[in-house]
Each structure stands twice: as C-alpha cells, then as structure tokens.
Amino acid sequence: MKKMMKISALVLFFSLLVTGCGTPVLPGPRTAADSDTDGSVFVEEDANDLVESAVSFNHSLDSYKPKKKVYNFYFTYKMVHPWWDAVAMGLEDACDQYATQGITINYDYLAPLAPSAADQKKRILSAAAKKEYDVIGVDVVDSEKISPVIDKVMKNGQKVITFSSSDADPKEHCKRIAYIGNTHNFKDGSEMAKILCSRINNEGKVGIIVGDPGNPCHEDRLNGAKYELEKWSKIKIIGIEYDKEDEKKAESITERFLDQNPDLAGIICCNMVNPVAAASVVKRHNLSNQVTIVGMDHDEHALKLMQVGAIYSLGVQDCVSIGFDTLQTAIKVADGVKPGKLYKEKTDEKTTFIYQKDAQAMLYKLYGTE
C-alpha cells in the first residue's frame, strides 16, 4: 500500500522538486462514501468504511486520448508541507498511468518553505517566461495578489489552471481556465463550527486560528465558522488570529487564548498546521477535557493527538485525488480542450470529518502506523 509517510526523503523529493514520473504502488478498491453534492462528507459510518472512503489511492484514467506524446507542466503550490506531498502522489499516479500509454509527462513541482505571494508571483512569471510549459498550475496563496499575475500570463498566451484548496475564482476577474480541488471551504468552516457547538452545547468562549491573511481557503473557512458561531447567543468569539502557517506562532496564539480566557471552551483551526499546535498546548496544560479542538486535515501528529483525545474532529481532504485529477485536467487544457463535457471548470474534491474512533485506522491507511 502506498502510504503518505512523512519522512525527510519524501518531503525533499516531492516538496522541493519533482521532474518526471515515479511508480507508486496502489492498494485495492475502497468503499464509496455518501457525500453532499459539493463534495463534503458529513456522515456517521463505521470507522473503517469512513476512513477507507476519505482518501482514495485507487484511480484510473478516463477515456480521453491525449493528442501529444510529450507534455511539460509547471506546478507551484503554497509551501513545503506533507499535505502537498499527498497531492504529488496523485500527480505521480496519473503520470505513471499515462506512461503505460506511451505518453511522457515532465513536470516541475515547486514551492517555498513558507507561504509568500511575492515568491509565488516570481515563480509564475519565471515559468511563463521560459515558454516551455504546456500548462502552469497554481495553488493560489493570495487571490487578490496572484489573480492579476495569472491574468497577465494568460493574456500573453500561457495556459493556467489552479488546484489544491485555493482557487482564484473567475468571479474575481481571474481568467484561469479551470480549478481542481476543494470548492466548499466555507462549508468546511461551517461544519467545524457545527461540530464544536454541538460538543460544547452551543455556549462558551471560542477562539479561531486561521492561516494566511488573503488565502482563499483559510478565509472561506473562517467566514464559514463565523457564520455558524454567530447563530448562537451564548457563543462568544474571543479572538481571531493568523499564524501564517507557523506552528510556533500558532502555539503562542493558543497560549494567549488560554491566559486571557481560563474558561475557554473551544478552538477552531483553519489549516493543517494549527490543530497540531493548539492541541499540543492544550494537552500540555492538561485541558483537553475542557477545550474542544476541531481542525483540518491529515497531519500525522494531528491524528496521533486525536487518538489520545486532544483533538475532537478533523476534516480530511482527499489530496491524492486532487493531484490525480489535476494531471488529467492539465492534459486536456494543454490540448486546447475547454471546460465542459470532458472536464469541469471546477472539479469538486471531498472533505470527510473524522473523530477519535477513526484516528487509528486513518494513521494506518495514510502512514502505515498505529
């Protein structure tokens, strides 16, 4: 079984530079989950069924026949982190399957160590200037700052798609061709808040830790959480803080929440970094029974903290499917196919909320550990 093992070699290989194709090993079929039309999964199932359906390692190419024998792609994403290693596994899987059809796919998969709109702008413009890539894919760091960059290179003839969990929506005047990833971050934020409110009986003090200011998915999750929390008169939001994807900063924010609010009831964590930080601090203060933490994604440390009850719920995104579908879409975009029958302008990928009872199975599925 192909695991998302968080070891230095994998992080270095996927997160710093990937060129060409590898050969992933895939597990057997998985059980399909019930899902909402927007891709989110919020259902009570047997733990093993829920975990098996949350992330799929079992993909097959669709019937589309590529027009060329060689493709060159450039993908840039938000930051070096195991979350994007999982996306890279999907890219590699699709790449390997195309290779069996005699199609060579070369791609660069590059990101900075920390999120930076300035860095992403330079990467996009540099890739476009080389004029050697069939398609540029962008996981948008800041839609306000990056959308004009995408528009500029599109105007000059470069084909651009967006992927992962952050889109640059055409409604905001971005001309990107398609998006593959999470289209329901507002609902994910709302669901986190619903889960928390139910756990604390719709009353108490709640802090929110976001990630990057301007990041579309983080801001959408924040807005979804606020929308739900503000329905309850006995819920008080005591702070909304941005950690800029820095675990130490998220820990400091959590310490401040606790210092200023000894009766803190819960924390909503809007990215993959801050659930680990918040839960570690709360656990260190022996307050896991008082402070309910809900957050996002499949970080190994987060799952282990959930396993011991320090995190109540995590929304796991199917990153592997994001990568696989991104590569298939990039092929069609490179061939000049417009969104429509062969691929959607927005490809929905799902989120599954899991709990303590699911943690062990998820750890084994993704990391081969218990």
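# A tour of pockets, sheet and helices

The largest pocket holds about 280 Å³ of space. Start there, and keep in mind that this is a predicted model. Select Asp167, Asp169, Pro216, Asp220 and Lys346, which lie nearest the centre of the largest pocket among its 18 lining residues. Next, colour α6 (185–199) and α7: these are the elements that give two or more residues to this lining. By class, the lining of the largest pocket has five nonpolar, seven polar and six charged residues.

**Second stop: another pocket**

Now select Arg199, Ser288, Asn289, Gly309 and Tyr312. They lie nearest the centre of the second largest pocket, which is lined by 14 residues. Its space comes to about 240 Å³. Which classes make up the lining of the second largest pocket? Eight residues are nonpolar, five are polar and one is charged.

The largest cavity has about 100 Å³ of space. Select Lys78, Trp84, His218, Asn271 and Met272, the closest to its centre of the 14 residues that line the largest cavity. Two elements can be coloured here: α3 (82–99) and α7 (216–229) each give two or more residues to the lining of the largest cavity. Which element gives the most to this lining? It is α7, with three residues. The lining of the largest cavity divides into five nonpolar, five polar and four charged residues.

Keep α7 in view for a moment. It is named for the lining of the largest cavity, and it is also named for the lining of the largest pocket.

Switch to a cartoon view. Find the open sheet of six strands and follow the order β3-β2-β4-β5-β6-β12. The pairing in this sheet is parallel. Which strands sit at the edges? They are β3 (104–110) and β12 (346–348), and each pairs on one side only. Look along the sheet: neighbouring strands are turned by 20° against each other on average, direction ignored.

Zoom in on the β12 edge. Strand β6 (residues 179–181) runs parallel to β12, and three bridges join the two. Select Gly181, then its bridge partner in β12, Asp348. Lys346 belongs to the range of β12, and Lys346 is also one of the residues nearest the centre of the largest pocket.

Now bring back α3. This helix lies across β2 (70–76), β3 and β5 (160–164). The angle between α3 and β3 is about 170°.

Select residues 117–130 for helix α4 and residues 143–155 for helix α5. Two packed helices are described by the angle between their axes and the distance between the axes. Here the angle is about 5° and the axes are 10 Å apart. An angle under 35 degrees counts as roughly parallel, so α4 is roughly parallel to α5.

Show the side chains at the contact. From α4, pick Ala117, Gln120, Lys121, Ile124, Leu125 and Ala128. From α5, pick Lys145, Ile146, Val149, Lys152 and Val153. By class, this contact has seven nonpolar, one polar and three charged residues.

**Last stop: Lys244**

Select Lys244, in the loop between β8 (235–242) and α8 (247–260). Then select Ala114. How far apart are Lys244 and Ala114 in sequence and in space? They are 130 residues apart in sequence and 8.3 Å apart in space, C-alpha to C-alpha. Finish with the contacts: leaving out residues up to four places away in sequence, Lys244 touches Pro115, Gly211, Asp212, Pro213 and Lys249.

Technical notes
Residues are numbered from 1 along each chain as its sequence is written. This is a predicted model: local features need pLDDT of at least 70, side-chain atom pairs count only at pLDDT 80 or more; totals for chains, interfaces and linings use all residues. Side-chain values use heavy atoms; hydrogens and water are left out. On a 1 Å grid over the protein atoms alone, a cavity is a set of points where a 1.4 Å probe fits but cannot get out, and a pocket is an open set with protein on both sides within 12 Å along at least five of seven lines; lining residues have an atom within 4 Å of a point. Grid points are joined across faces, edges and corners, and a volume is the space filled by probe spheres set on the points. Helices (H or I, at least four residues) and strands (E, at least two) are DSSP runs, numbered from the N terminus. Ala, Val, Leu, Ile, Met, Phe, Trp, Tyr, Cys and Pro count as nonpolar, Asp, Glu, Lys and Arg as charged, and the others, Gly among them, as polar. Two strands pair if DSSP finds at least two bridges between them. Axes are lines fitted to C-alpha atoms, for helices over the stretch in contact, and angles run from 0 to 180 degrees between N-to-C directions. Contact means heavy atoms within 4.5 Å. Angles under 35 degrees count as roughly parallel, over 145 as roughly antiparallel, 65 to 115 as roughly perpendicular and the rest as oblique.
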